[in-house]
Amino acid sequence: MNRTGNSASRSLGAIAVAGILAAHGSAVRPGTADLRSMSVPRRLAVVDGLSGAEAVSYDSAHNAYYVSNVNGSVGVKDGNGFISRITADGRVDSLHFIQGGRNGVELNGPMGSRIRGDTLWVLDIDALRAFGTGTGAPLATIDLTPVHPLLPNDLTFGPDGDIYITDTGLHVHPDGTSEQTGPDRIYWVTQDRRVTVVLEDSLLNAPDGIAWDPRGERLLLAPIGGRTIQAWQLGDRGPTDLAAGPGKFDGLEIESDGRVLLTSWNDSSVFELRGTHLVRRIGPLGAPPADISLDARRRRV
């Protein structure tokens, strides 16, 4: 999410037109991607019916992408959010696989998501919700209201199974307008579902994407309000800057081989973090990319 007041409406549909993008390198077989070299984006599919597509998670067990659709104003509790399931070849398996107000589902404005085992975890304004990847049935809801969240944006799993969540610090009014008020935060959700503020610091610069870096034993942060990728060691007083770039960062993924991929709205590209430098890997794209996921089976972003 952007820090400015009208950004919530702008972000809707950011990947609705682009659909799912595959990175296509000239040195590899058709339909695959070599993320070790600069890749030219190839459109895999255009998916009609998405509405405010915000995040995507790939599930290798079902060979499918799960796309969070805000379907309204970001941060507004309107009950009509939905999650689409799209097959790896770009076919819509179910546009409304999970739908707010249907089959006992509460879903307002789904944002960042992650899959662990057979469960899809999704941030939804003031709650963290879990759904079965096979059925879409609601499994659990973790209430975030005790910590008074503003805009929980993305989540990641820590090494012990705990969950860490970014709060971009964007105050959203009932009419959908918004303003950057802070505080910028990271929340910690323990395995017994206790929620606490583990870090609150203005240096976070409106944190958006977040991922656990097992090699560095730290959290990596993609702030949408700053121009520098950050790291935070659990227990430290604040984040440290790692690599400067174009800014307005959003999605952040750390792959099994340790590579770090992230997106930038300002550059409409996907970057790789190499030490203290950012290297463009895919793009520029036709629209600012939001959250990302990797289909490791096909080497496809």
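Let's start with a charged pair. Asp126 forms a salt bridge with Lys77, and their closest N and O atoms are 3.0 Å apart. Asp126 sits in the loop between β8 and β9, while Lys77 sits in the loop between β4 (64–69) and β5 (82–87), so the pair ties together parts that are 49 residues apart in sequence. Keep in mind that this is a predicted model.

How accessible are the two partners? Asp126 is buried, because its relative accessibility of 17% is under the 20% cut-off. Lys77 is partly exposed, at 47% relative accessible area.

Next pair. The side chains of Arg129 and Glu106 also meet in a salt bridge, at 3.5 Å from N to O. Arg129 is in strand β9 and Glu106 is in the loop between β6 (92–99) and β7 (113–116), so this pair ties together parts 23 residues apart in sequence. Arg129 is buried, with a relative accessible area of 4%. Glu106 is partly exposed, at 46%. There is a third member here. Glu106, Asp124 and Arg129 are linked in a network of salt bridges.

Now move along the chain. Arg280 forms a salt bridge with Asp267, with the closest N and O atoms 2.9 Å apart. Arg280 belongs to strand β24, and Asp267 belongs to the loop between β22 (260–264) and β23 (269–274). The two residues are 13 apart, and the pair links distant parts of the chain. Arg280 is partly exposed, with a relative accessible area of 33%.

How many salt bridges are there? The count comes to 13. As background, side chains of opposite charge can pair when their charged atoms come close.

Look at Asp162, in the loop between β11 (152–157) and β12 (163–167). Asp162 is buried, yet has no salt bridge. Which side chain of opposite charge is nearest? That is Arg116, 7.0 Å away. A salt bridge needs the nitrogen and oxygen within 4 Å, so Arg116 does not qualify as a partner for Asp162.

What does the side chain of Asp162 meet in a polar contact? The side chain of Trp188, at 2.7 Å. Set aside the neighbours within four places in sequence, and Asp162 is in contact with Thr156, Phe157, Trp188, Val189, Thr190 and Gln191.

One step on in the sequence is Ile163. Leaving out neighbours within four places again, Ile163 is in contact with Arg116, Trp121, Leu128, Leu155, Thr156, Phe157, Tyr187, Trp188 and Val189. Ile163 is also part of the largest nonpolar core, which has 20 residues. Which members touch the most other members? They are Trp121, Leu123, Leu128, Leu155, Ile163, Ile165 and Val195. β8 (119–123), β9 (127–132), β10 (138–143), β11, β12 and β15 (185–189) each supply at least two of its residues.

Now to the end of the strand list. Arg300 is in the segment after β24 (277–282). Is Arg300 buried or exposed? Buried, with a relative accessible area of 6%. Arg300 and Ala88 are 212 residues apart along the chain, but their C-alpha atoms are separated by 9.7 Å.

Last topic: the backbone. Two prolines deserve a look. The peptide bond from Gly182 to Pro183 is cis, with omega near 5°. Pro183 is in the loop between β14 (178–180) and β15. Another cis peptide bond joins Gly283 and Pro284, where omega is about 5°. Pro284 is in the segment after β24.

Then two positive phi values. Asn205 is not a glycine, but its phi is near 60°. This residue lies in the loop between β16 (195–200) and β17 (207–213). Asn205 is partly exposed, with a relative accessible area of 28%. Glu217 is not a glycine either, and has a positive phi of about 50°. Where is Glu217? In the loop between β17 and β18 (218–223). Glu217 is exposed, because its relative accessible area of 55% is over the 50% cut-off.

Note on methods:
Residues numbered from 1 in each chain as written. Predicted model: local features only at pLDDT ≥ 70, side-chain atom pairs only at ≥ 80, totals over all residues. Heavy atoms only, no water. Helix = DSSP H or I, 4+ residues; strand = E, 2+ residues; numbered from the N terminus. Buried < 20%, exposed > 50% of the residue type's maximum accessible area, 1.4 Å probe, protein only. Lys, Arg positive; Asp, Glu negative; His and termini not counted. Polar contact = N/O pair within 3.5 Å; in protein donor to acceptor, adjacent residues only side chain to side chain. Contact = heavy atoms within 4.5 Å. Core = buried A, V, L, I, M, F, W, Y, C linked by side-chain atoms within 4.5 Å.
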